[in-house]
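Hello,

Here is the structure I promised to pass on to you. Have a look at it first, and then read on for what turned up.

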Amino acid sequence: MTREERLAALREAPVVLVSACLLGEACRYDGKSKGSSPVMRALEGKEVVPVCPETGAGLGIPRPAVELKGGAGAEVLAGRARAAEVESGKDRTEAFRQGAELALAAARRFGVRVAVLKERSPSCGTQGTHVDGMVVRGQGVTAALLSQAGLIVVSDEEL
């Protein structure tokens, strides 16, 4: 799907799932937000379902940074890669899977077909995410699950 098609779907969507950090919630791993004026403008007149998959799965604020190991989100969901804390290597795969499932459940509950997500997040990255110490092409765990379920995922950086 092209950028223009994704943006058209967003314009038409009455209800949108959105990374909570983009709405100004201080829920990122570093305890900060990534409030975005372009995102807020794109959401005018829409119902919004805010989600933070990582905090939804019980990971604290702030929390150690996590990156994907061995592959992007689809590979994590398939069991071929994992999510691990950058510094300690502690496995966080189950929390990332659980957070993705919670986001999908929220989308289904509220009839969401389009999600606006934070680019490069190991959960929410739609086109690029942190894998093995670098940003690579691919989706985060939540973005991958939402895509697999048929939702249209839009990067905050496309707005």
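Is Cys21 buried or exposed? Cys21 is buried, with a relative accessible area of 8%; here buried means under 20% relative accessible area, exposed means over 50%, and partly exposed is in between, using a 1.4 Å probe and protein chains only.

Before going further, a word on the ground rules. This is a predicted model, in which local features need pLDDT of at least 70 and side-chain atom pairs count only at pLDDT 80 or more, while totals for chains, interfaces and linings use all residues. Residues are numbered from 1 along each chain as its sequence is written, and side-chain values use heavy atoms, leaving out hydrogens and water.

Back to the cysteines. A disulfide is a covalent bond between the sulfur atoms of two cysteines; the rule used here asks for a pair of cysteine sulfur atoms within 2.5 Å. The cysteine sulfur closest to that of Cys21 belongs to Cys27, and at 5.2 Å it is too far for a bond. Cys124 is also buried, at 5% relative accessible area. Its closest cysteine sulfur is in Cys21, 6.7 Å away, which again is too far for a bond. By this rule, the count is zero disulfides.

Next, the helices. Helices (H or I, at least four residues) and strands (E, at least two) are DSSP runs, numbered from the N terminus. Helix 5 covers residues 93-109. Among the buried residues of helix 5 are Phe96, Gly99, Ala100, Ala103 and Leu104. After this helix comes Gly111, with a positive phi near 70°.

Helix 6 is largely enclosed by the rest of the structure, because six of its eight residues are buried. Those six are Val141, Thr142, Ala143, Ala144, Leu145 and Leu146. Just after helix 6, Gly150 has a positive phi of about 95°.

In the loop between strand 7 (134-137) and helix 6 (141-148) you will find Gly140, which counts as buried at 0% relative accessibility. Leaving aside residues up to four places away in sequence, Gly140 touches Leu68, Gly73, Ser121, Pro122, Ser123, Cys124, Gly125 and Thr129, where contact means heavy atoms within 4.5 Å.

Now for some backbone angles to look up. Most residues other than glycine have a negative phi, and most peptide bonds are trans. Arg120 has a positive phi of about 75° although it is not a glycine; Arg120 sits in the loop between strand 5 (114-117) and strand 6 (128-131) and is partly exposed, at 34% relative accessible area. Asp132, in the loop between strand 6 and strand 7, also has a positive phi, near 50°. A cis peptide bond joins Ile61 and Pro62, with omega at about -10°.

Finally, the largest pocket has a volume of about 410 Å³. Of its 24 lining residues, the closest to the centre are Arg28, Tyr29, Glu54, Ser121 and Pro122. On a 1 Å grid over the protein atoms alone, a pocket is an open set of points where a 1.4 Å probe fits, with protein on both sides within 12 Å along at least five of seven lines; lining residues have an atom within 4 Å of a point. Grid points are joined across faces, edges and corners, and the volume is the space filled by probe spheres set on the points.

Best wishes

Definitions and conventions
Expected span 1.5 Å × (residues − 1).
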